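Welcome! Here is a short tour for anyone meeting this structure for the first time. Have a look at it below, then follow the topics one by one.

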Amino acid sequence: MVDLSTSIAGVHLPNLLFNASGVCCQTTDDLKQMQDSASGSLITKSATCAQREGNPSPRYVPLPTGSINSMGLPNEGYQYYLDYAKSYDYSSPKPLFISLSGLSLAENKTMCEAFVAAKLPCVLEINFSCPNVPGKPQLGYDMEAMEAALNTLAPILRQPFGIKLPPYFDIAHFDAAAAIFNKFDDLAYVTCINSVGNGLAIDFETETALIKPKDGFGGLGGFMVLNTALANVNAFHRRLPTKKVIGVGGVTSGKEVFLHVLAGASAVQIGTTLKEEGPAVFARILKELEEIMEKKGYTSLEDFRGKVKTL
Ligand code: RRO
């Protein structure tokens, strides 16, 4: 028997898998499906202060090795997720994560204040990396703005919280981002990675972009981003010794979950494959991971977490 349990931000997860924010989590019906699945937890769609319809469709398209999306932050508004969090049954073995993605620091401040005032045992994750709102650059690529946001939000939160990061592609950027994160004791974890921003998918026959928003530019996810995701998980695992990393990107089977843990992930989220396969994906991938661990003689995630060997 293998133990797939883990902990993030001081809360226990019966197993390491859950949804990537954005997939199967916008409405209470979606979230019910997550509750009923074999996942170890669940996270809500990134919220803004006001409800949003998001970008025009088509805005998500599966690709041969992943997906492209420019959803544009469709969500029900933070009050909806606050009501959900208030009504959540915390005797459930699955802890609840809430994703917040204000369109400004003032919005993030308002939402954090409201959740803190409600004194709920859910974990807050601030999304610093939405790539798809026209005219709004990703906060995670502006080190000064990110530090300023943490300087404002951490004193409001005063409890363990997480941030969702964009992929970084340069060692200097891993160093700079990690130096900022290490200044904040309550920043308990980072989630790596959000989609690889501003890819372009074109139909060969019709010579037309596959999604409508932003002239076809959108975030890439799924198997094609696995190696970028693993690098970001490992880079932050090495640089944030007192914090945890949630890995996301490129999971299609137990094998990629195993690789994320080897790179240093304490939990692993599934986006594109959940969108394509539905919530039954969790039972399948948990079984595959168990089989891999049994074959390799590992009985817990700690046996191999972060233990990738280098040459
Ligand atoms: O809604 C989106 O377009 C979206 C968001 Br907020 C995000 O963080 N990542 C993504 O790929 N899409």
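Helices here are DSSP runs of H or I with at least four residues, numbered from the N terminus. With that in hand, please keep in mind that this is a predicted model. The tour starts with helix H9, which is followed by glycine 297, a residue with a positive phi near 80°.

**Helix H9**

- Helix H9 spans residues 281-296, so numbered as one of the DSSP runs, and its 16 residues reach 23 Å from the first C-alpha to the last, close to the 22 Å expected at 1.5 Å a residue.
- Val281, Phe282, Ile285, Leu286, Leu289 and Met293 are the buried residues to look for in H9.
- These residues cover an arc of only 120° around the axis, which puts them on the same side of H9.
- An α-helix has 3.6 residues a turn, so residues three or four places apart point the same way.
- Lys287 and Lys295 are exposed on the other side of H9.
- The cover over the buried residues of H9 includes strand E3 (17-19), helix H1 (28-36), helix H7 (254-263), strand E16 (267-270) and helix H8 (272-277).

**The nonpolar cores**

- The largest nonpolar core has 84 residues, and those with the most contacts inside it are Leu16, Phe115, Ile163, Phe181 and Phe236.
- Helix H4 (residues 143-157) gives the most to this core, with seven residues.
- Phenylalanine 181, leaving aside its neighbours within four places in sequence, is in contact with Met146, Leu150, Ile163, Leu165, Leu187, Val190, Phe236, Leu240 and Lys243.
- There is also a second, separate core of twelve residues, which includes Val11, Ile43, Ala188 and Tyr189.

**Around the ligand**

- Surrounding the ligand are Lys45, Asn69, Met71, Gly72, Leu73, Pro74, Asn127, Cys130, Pro131, Asn132, Asn194 and Ser195.
- Asparagine 69 has a polar side-chain atom 2.9 Å from an oxygen atom of the ligand.
- Asparagine 132 likewise places a polar side-chain atom 2.9 Å from an oxygen atom of the ligand.
- For asparagine 194, a polar side-chain atom lies 2.7 Å from a nitrogen atom of the ligand.

**Arginine 158**

- You will find arginine 158 in the loop between H4 and strand E9 (161-165).
- Is arginine 158 buried or exposed? Its relative accessible area is 66%, and exposed means over 50%, so arginine 158 is exposed.
- A polar atom of the arginine 158 side chain lies 3.4 Å from the backbone oxygen of proline 155.
- Arginine 158 and glutamate 256 are 98 residues apart in sequence, and their C-alpha atoms are 34 Å apart in space.

**Backbone details worth a look**

- Most residues other than glycine have a negative phi, and most peptide bonds are trans.
- The peptide bond from serine 57 to proline 58 is cis, with omega near 0°, and proline 58 sits in the loop between strand E4 (42-43) and strand E5 (60-63).
- Another cis peptide bond runs from cysteine 192 to isoleucine 193, with omega near 15°; isoleucine 193 is in the loop between strand E10 (187-192) and strand E11 (196-200).
- Leucine 73 has a positive phi near 60° and lies in the loop between strand E6 (66-69) and helix H2 (78-87). At 4% relative accessibility, leucine 73 counts as buried.
- Glutamate 207 also has a positive phi, near 60°, and is found in the loop between strand E12 (202-203) and strand E13 (208-209). At 68% relative accessibility, glutamate 207 counts as exposed.

How values were computed: Residues numbered from 1 in each chain as written. Predicted model: local features only at pLDDT ≥ 70, side-chain atom pairs only at ≥ 80, totals over all residues. Heavy atoms only, no water. Helix = DSSP H or I, 4+ residues; strand = E, 2+ residues; numbered from the N terminus. Expected span 1.5 Å × (residues − 1). Buried < 20%, exposed > 50% of the residue type's maximum accessible area, 1.4 Å probe, protein only. Arc of directions from axis to C-beta. Contact = heavy atoms within 4.5 Å. Core = buried A, V, L, I, M, F, W, Y, C linked by side-chain atoms within 4.5 Å. Near = heavy atom within 4 Å. Polar contact = N/O pair within 3.5 Å; in protein donor to acceptor, adjacent residues only side chain to side chain.
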